[in-house]
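Dear colleague,

I am handing over the structure below, and I would be glad if you could look through it with the notes that follow. They begin with the whole chain and then turn to single residues.

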Amino acid sequence: MHQSVARQTGYLPGDPEYRKLSVALFAAGLATFALLYSTQPLLPQLVDAFHVSPSQSAFSVSFATFGLGLALLIAGPASEVLGRTNLMRWSVAATSVFALLSAFAPTWHLLLALRGLQGIAMAGLPAVAMAYLREEVHQDSHARASGLYIAGTAVGGMAGRLIAGGLSDVGGWRFATGGIAVVGVLCAAVVWLLLPASRNFHPSAARPHDLFRVLRDPALLALYGIGATAVGAFVAVYNGAVFRLSGSPYELSAGAAGLVFCVYLLGSAGSATAGTLADRYGRRAVVPIGCLITLAGVAITLAAPLPLIVLGLAVMTAGFFAVHGVASGWVPARAHASGVGTGQASSMYLFSFYLGSSVFGGLAGTAWSRAEWAGVAAEAGALFLVTLVLALLLKNVPSRVQN
């Protein structure tokens, strides 16, 4: 009887399957971000190990995010035919394998190739996670469940950078990369064991023209832009922060600088809190506030004292995950209300998200080379301003169900 009700209405907090689903997707999100950005705290070491420039070292992050972005365009529509659960399980497992291989890459170009393949492999999870939640979780808890998943990505971003930085102090970048891969393997095991099979998924024929339908809704277009600019600014700040903290006057080791990423815990809190507030007050009210918080955080980082830099990063991180957590859950809800494929809409949002990470995050190396932290902060501030403008424009877009 319980399962029959779940099929009709979706799981609610307190249901056993809801708890399993939450733990599995939290682990999946943790693995995705831990592996995706695992080379970020290692950028100075990669500069020395492979004799590349700071801007080139950022390619180790950008290649993974670009590969992920491209693969999302295929993974989302494919999930409409193949289903959600198996795609997510295999995605996390394959990503961990490529991460292990990256630890043994003998040349810079092979490392970049493996990082690109790693990004492609992980596309199966983020492409369908939000669509899976919309189908399996009761509509009254959509934003809450989305916030928990995004919270997992926040913890993953922190853990990946923190562990990688610490392990690199012990055994270098290869040891650090291998250690993060082990974390991915453990998370993959959790996903395989706990993720409930889809109950409300109904296969549909592949319709490539649906990809164009998700580009016609002004609200969806604004949400794609929010994802691209917000994450681009976010990644740019952290790419630049690695070089800032390792140089004069701070001279922090990779492990010590990695401790700064503990502020990602505020990202988890920001995402979960924003999801709850969005259920209560509406997404249109919450997203602009998150944008203002990110701008305040960037402004604080312009101060020289290390405690203020950490405070600024913490404020910016909380604001970013509030924006991303709400926006990413808004996309499938808006798409469903508009009668377009949720998988395609989620894929397009995440394609924009990771394209922004690749392009704008990669530009941080150039901004640092030209004007050091002032250049990075200017780039991030400009991007977050664009995010705010797009969020405000959403208030003028005609509302539909679940907006």
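Two residues are said to be in contact when heavy atoms of theirs lie within 4.5 Å. On that basis, among the contacts in the protein between residues at least 6 apart in sequence, 84% join residues that are at least 24 apart. Please keep in mind throughout that this is a predicted model.

The secondary structure of the protein consists of 16 helices and zero strands. As for charge, the mean position of the 22 positive charges and that of the 14 negative charges are 7 Å apart.

Thr65, which lies in helix H5 (residues 59-82), is buried because its relative accessible area is 0%, and its side chain reaches the backbone oxygen of Ser62 at 3.0 Å. Ser102 belongs to helix H6, which covers residues 85-102, and its side chain reaches the backbone oxygen of Phe98 at 2.9 Å. With a relative accessibility of 1%, Ser102 counts as buried, and beyond its neighbours within four places in sequence it is in contact with Leu111, Leu114, Arg115, Gln118, Trp173 and Thr177.

Although Leu390 and Ala222 are 168 residues apart in sequence, their C-alpha atoms are 5.7 Å apart in space. Apart from neighbours within four places in sequence, Leu390 is in contact with Ala222, Gly225 and Ile226.

Some backbone geometry deserves a careful look when you open the model. Most residues other than glycine have a negative phi, and most peptide bonds are trans. Where does the chain have a cis peptide bond? Such a bond joins Ser248 and Pro249, with omega at about 10°, and Pro249 lies in the loop between helix H11 (218-246) and helix H12 (254-258). The loop between H11 and H12 is also the place of Glu251, whose phi is near 55°, a positive value in a residue other than glycine. Glu251 is exposed, since its relative accessible area is 55%. Glu372 likewise has a positive phi, near 50°, but the place of Glu372 is in helix H16. At a relative accessible area of 48%, Glu372 is partly exposed, because exposed would require a value over 50%.

How values were computed:
Residues are numbered from 1 along each chain as its sequence is written. This is a predicted model: local features need pLDDT of at least 70, side-chain atom pairs count only at pLDDT 80 or more; totals for chains, interfaces and linings use all residues. Side-chain values use heavy atoms; hydrogens and water are left out. Helices (H or I, at least four residues) and strands (E, at least two) are DSSP runs, numbered from the N terminus. Lys and Arg count as positive and Asp and Glu as negative; His and the chain ends are not counted. The place of a charge is taken as NZ of Lys, CZ of Arg, CG of Asp or CD of Glu. Buried means under 20% relative accessible area, exposed over 50%, partly exposed in between (1.4 Å probe, protein chains only). A polar contact is a pair of N or O atoms within 3.5 Å; within protein, one must be able to donate a hydrogen and the other to accept it, and residues adjacent in sequence count only if both atoms are side-chain atoms.
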